Amino acid sequence: MDVIRLLGIRDTSLSVDEVLAAVADHAAGGTAFFVGTVREQDHGKPVTRLSYSAHPSAEAGLRQVAEKIAADFPVTAIAAVHRVGDLELGDTAVIVAVAAPHRDEAFKAARRLIDDLKAQVPVWKHQVFADGETEWVGAGE
């Protein structure tokens with residue numbers, strides 16, 4: 001079975017339970033998660049609106065990132081999903097999970113997975129602040 005169990009760029013709500021089920025593996029002694037949520041402030045300023053958009057190649061880019069993690073770490077399962085569209089405060093924007101035989105490997109691989117996803121996958125965040133200013137943040141930032 002492929003260690004990459006679940007990948008997706010979605011315009012619907014994300015589920016921690018779905019991601020946990022995807023990486024469940026009897027060979028794993030540890031599973032590490034990261035759940036990114038929409039916060040009410042950025043740069044010390046209140047955020048009033050936020051939306052994510054993705055390039056059509058985003059899922060392929062996400063697969064490349066996951067394949068690199070699978071090649072570089074002794075993992076048993078990988079999952080990553082990212083939300084696009086308009087999100088509200090507290091909404092889940094991204095979930096990554098990695099299962100591995102040992103917790104240290106799971107933590108390191110999950111950290112690299114979210115870091116590489118944010119740096120390399122063409123998904124952009126558009127924030128609107130209470131003062132009317134806007135900001136785009138995305139891959140390669």
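Welcome to the tour: this structure holds ten salt bridges, a salt bridge being a side-chain nitrogen of Lys or Arg within 4 Å of a carboxyl oxygen of Asp or Glu. The model is predicted, with local features needing pLDDT of at least 70 and side-chain atom pairs counting only at pLDDT 80 or more, while totals for chains, interfaces and linings use all residues. Residues are numbered from 1 along each chain as its sequence is written, and side-chain values use heavy atoms, leaving out hydrogens and water.

**Stop 1: the whole chain**

Start with a cartoon view. You will find three helices and nine strands, taken as DSSP runs (helices H or I, at least four residues; strands E, at least two) numbered from the N terminus. Along the sequence they follow the pattern β-α-β-β-β-α-β-β-β-α-β-β. The C-alpha atoms fill a box of roughly 50 × 25 × 25 Å along the principal axes. Of the 141 residues, 43% count as buried; buried means under 20% relative accessible area, exposed over 50%, and partly exposed in between (1.4 Å probe, protein chains only).

**Stop 2: Lys-45 and Asp-131**

Select this pair next: their side chains meet in a salt bridge at 3.6 Å, N to O. Lys-45 sits in strand β4 (residues 45-54) and Asp-131 in the loop between β8 and β9 (134-138), so the pair ties together parts 86 residues apart in sequence. Lys-45 is partly exposed at 23% relative accessibility, and Asp-131 is partly exposed at 48%.

**Stop 3: around Arg-112**

Now pick Asp-72 and Arg-112, whose closest N and O atoms are 2.4 Å apart in a salt bridge. Asp-72 belongs to helix α2 (residues 58-72) and Arg-112 to helix α3 (residues 103-120), so this pair links parts 40 residues apart in sequence. Asp-116 and Arg-112 both lie in helix α3, four residues apart, about one turn of the helix. Asp-116 counts as buried at 15% relative accessibility. Include Lys-68 in your selection too: salt bridges that share partners join Lys-68, Asp-72, Arg-112 and Asp-116 into one network.

**Stop 4: Lys-125**

Finish in strand β8 (residues 123-129), where Lys-125 lies.
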